[in-house]
Amino acid sequence: MNFEPIIGLEVHIELSTKSKMFCGCPAEHFGVSPNTQVCPVCLGLPGALPAANKLAIENCIRFGLALNCEVSEFSKFDRKHYFYPDLPKSFQISQYDLPFCINGKYESIRIKRVHMEEDTGKLIHTNLNGKKVSLVDFNRSGVPLVELVTEPDFRSVDAVVKFLKEIQLTVRYLGISTADMEKGSMRLEANISLRVKEQESKRVNELPDYKVELKNINSFRYLTKALDAEIKRQAELLEDGKKIKQETRGYDEDRDRTFSQRSKEEAQDYRYFPEPDIPPIRIGELKIKNLKFKFPELPSQKRGKYQKLGLSANYIEVLVQERARADYFETALALAKQYNISEKEIAGVMVNQNLDGKFAEPAGLVKKLVELQNVDYASQADVEEAIKKVVLDNGKAVKDYQAGKEQVLGFLIGMVQKELKGKGKIELIKETLISYIHGR
Ligand SMILES: [Zn+2]
């Protein structure tokens with residue numbers, strides 16, 4: 001049988017705000033010594049009252065807007081209950097039935113919701129005095145976390161990776177998170193099931209009656225391997241006519257296999273109820289307009305613009321991968337207009353020669369290009385004339401080069417350049433010099 005994967009994603013993104021979601025503790029926790037950024041609120045001590053971080057909510061909504069979501073006029077926070085040592089309150093403040101953003105779309109992928117919640121603490125499994133122990137660090141407890149949930153619209157692993165890379169880029173363009181998977185500021189879970197390929201099946205739009213959740217995915221490479229392994233496992237079971245259990249699975253990279261972790265919870269298991277300590281939130285039209293007004297150009301818009309300039313796909317991708325680089329390119333472009341320097345020239349020296357790395361300011365790069373434009377190069381005849389003279393004057397160096405001392409060539413080129421008072425093109429000198437010496 002021919003199966004196709006049905007994949008949906010849950011992406012968690014830690015926002016890089018100054019303070020945590022419901023208290024004033026610093027949100028940046030990477031590399032900070034354990035339990036030094038905590039207070040009664042994020043430790044869940046009795047009587048402590050949370051106050052929502054406005055900027056975090058705004059950034060969550062901006063993210064939703066970037067994914068073409070509708071923003072809920074009326075929204076609230078809810079308590080999601082479960083017991084785990086990294087969750088001091090025994091509930092997490094999240095959003096249940098009224099998330100900030102719903103019904104988005106990115107290309108062919110439908111976005112179900114984008115909501116705001118708080119991160120949990122972190123468990124560290126280690127050895128202490130010869131004993132295996134688990135330690136808890138609450139620095140991460142209460143850090144603002146945005147959750148994005150897609151519909152199960154992916155039909156290949158490649159499509160999943162492409163989408164996630166675009167999400168990462170978008171978040172970085174918005175400046176709301178570093179979305180660094182290795183540091184855990186972007187984390188993924190994938191729901192996956194298989195069905196018989198559409199053209200072979202009579203029931204075209206029906207989704208399978210199970211899904212397996214893959215958890216703790218911390219890199220794109222790992223994601224690809226874990227999904228491939230799980231697709232293979234499910235296909236083998238279905239081929240044998242077996243039913244697949246609805247559960248949560250992890251991935252063992254050494255054995256290249258997924259393994260069962262626990263059976264999957266349903267929403268009712270979390271006993272959601274409205275958070276009584278935080279008033280519901282109304283988001284007016286004006287607020288949304290303001291947030292939209294401050295929007296940067298997103299990667300997809302930049303791509304469209306650069307395509308119109310006639311840049312090749314390869315150049316476009318290199319320029320778009322960093323917002324700072326794309327901005328640099330555009331500033332240089334505006335400055336270069338009066339000098340008749342083309343878009344392709346600027347993109348070329350940035351992508352191929354990394355000239356933007358040499359000049360901190362776009363103006364410096366443009367100045368360099370103008371200089372190069374104005375150089376009046378020596379003719380082939382002048383170059384040959386100069387080479388003849390240099391070879392005559394530097395007999396020993398020429399002999400050394402002929403004996404295999406390659407590094408002498410640089411010295412000889414330098415001498416020719418000097419003879420030409422800097423007007424020689426290096427490639428031309430090099431080529432002519434080598435053929436002249438070999439021809440002797
Ligand atoms: Zn705190």
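Predicted model: local features only at pLDDT ≥ 70, side-chain atom pairs only at ≥ 80, totals over all residues.
Entry 1: I began with the strand order. I found an open sheet of nine strands, running β2-β6-β7-β10-β1-β11-β12-β13-β14, and its pairing is mixed. I then looked at the edges, which are β2 (70-71) and β14 (257-263). Each of these has a single partner strand, so one side of each is left without a neighbour in the sheet.

**Entry 2: the β14 end.** I stayed with β14 and checked how it meets its partner. Strand β13, residues 247-252, pairs with β14 in the antiparallel sense, over six bridges. For a handy landmark I picked R249, which stands opposite S260 in β14.

**Entry 3: helices across the sheet.** Next I asked which strands helix α2 lies across. Helix α2 (residues 157-174) lies across β1 (3-14), β6 (101-106), β7 (109-118) and β11 (186-196). I noted its direction too: α2 runs at about 20° to β1. Helix α3 (residues 220-239) lies across β1, β11, β12 (212-217), β13 and β14. Its angle to β11 is about 25°.

**Entry 4: helix α6.** Last, I turned to α6, residues 313-320, and looked up its buried residues: Y315, I316, L319 and V320. Viewed down the axis of α6, they fall within an arc of 120°, so they line one face of the helix. What covers them? I found that the cover includes α5 (299-308), α7 (323-336) and α8 (343-351). On the face turned away from the buried side, I noted the exposed residues A313 and N314.

Conventions. Residues numbered from 1 in each chain as written. Buried ≥ 20, exposed ≤ 12 C-beta atoms within 10 Å, placed from the backbone. Helix = DSSP H or I, 4+ residues; strand = E, 2+ residues; numbered from the N terminus. Arc of directions from axis to C-beta. Contact = placed C-beta atoms within 7 Å. Pairing = 2+ DSSP bridges. Axes fitted to C-alpha atoms, helices over the stretch in contact; angles between N-to-C directions.
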